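Below are some comments on the model you sent. They start with the fold as a whole and then turn to one helix pair.

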Amino acid sequence: VVPTGAAVSGESAAAHPFKASVDPAVSHFVQTLAMRALSKQEEEAKALLEEFVRDSLVLLGRPEWPCTTLCLSMLLSLLCNVLRRGLAPKGKEGKPADSKEMPARFCATDILGQVLAVLAHERSVNRDFPLTFPPVREGVDEAAQPTDAGEDASCICGEGHKGEGFMLDCDKCHRWFHGACVGIYPTSEHSVPEEWFCDSCQLSTAVAEQRQRITRLLA
């Protein structure tokens, strides 16, 4: 396996307080695992590498696992080097690469295919169904009803106000929802929360809080 460089410049190291130590550690782990799985063809290491790739694809893009992107990036670079070495002529006579390296190239091709297939699917989903957050409404009439002009009573079911049945509005975006659609039933005085946020607004709040935590870490 052709190792990939793990040198970290002073400028890039300043991008994150742990980058100077994380990059070499990740590079060493990825190279060691790939060396054992591809070059030495150790079955236990191959199984571990396949499991590592599957887990990394599950965690890819999650803000609480930022190192996943780095791990996959280094691994893909290393696998590309394996394939590139196999395609290049060897020696003055232009002989093909050693046939003993064929299993390593087959394994590298399989892993690259898995990762690229997931990335292509995620890109397609993000393009066709982009993540959007409802805007915060200002100047809201707290006494408004779902039938009033200007009120959004579309709910997640898309059927809107049916003329009867309990509905409640989100305290952030003030969109109206059927109680049955969001699992809230007015069976008693305390069954309806005083403050309630829809799933989209809860997600937008969580994303904002995550961004603040990351900003504090990088400060």
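1. Of the protein's 219 residues, 26% count as buried. Among contacts between residues at least 6 apart in sequence, 50% join residues at least 24 apart.

2. This is a predicted model, so confidence should be read alongside the coordinates. The average pLDDT of the protein is 80, and 82% of the residues score at least 70. By element, the mean is lowest in helix H1 (residues 10-13), at 41, and highest in strand E2 (residues 176-178), at 93. Over residues 1-14 the pLDDT stays under 50, and the model has 27 contacts beyond four places in sequence for this stretch.

3. The secondary structure consists of seven helices and two strands. Along the sequence the order is α-α-α-α-α-β-β-α-α.

4. Helix H5 (residues 102-128) has 27 residues and spans 39 Å from its first C-alpha to its last, close to the 39 Å expected at 1.5 Å a residue. Its buried residues are Ala104, Arg105, Cys107, Ala108, Ile111, Leu112 and Val115.

5. How do helices H3 and H5 lie relative to each other, and at what angle do they cross? The axes of H3 (residues 43-59) and H5 come within 11 Å and cross at roughly 10°. Because angles under 35 degrees count as roughly parallel, H3 is roughly parallel to H5. H3 contributes Leu49, Val53 and Leu57 to the contact, and H5 contributes Ile111, Gln114, Val115 and Val118. By class, six of these residues are nonpolar, one is polar and none is charged.

Note on methods:
Residues numbered from 1 in each chain as written. Predicted model: local features only at pLDDT ≥ 70, side-chain atom pairs only at ≥ 80, totals over all residues. Heavy atoms only, no water. pLDDT = per-residue confidence, 0-100. Helix = DSSP H or I, 4+ residues; strand = E, 2+ residues; numbered from the N terminus. Contact = heavy atoms within 4.5 Å. Axes fitted to C-alpha atoms, helices over the stretch in contact; angles between N-to-C directions. Parallel < 35°, antiparallel > 145°, perpendicular 65-115°, else oblique. Nonpolar A, V, L, I, M, F, W, Y, C, P; charged D, E, K, R; others polar. Expected span 1.5 Å × (residues − 1). Buried < 20%, exposed > 50% of the residue type's maximum accessible area, 1.4 Å probe, protein only.
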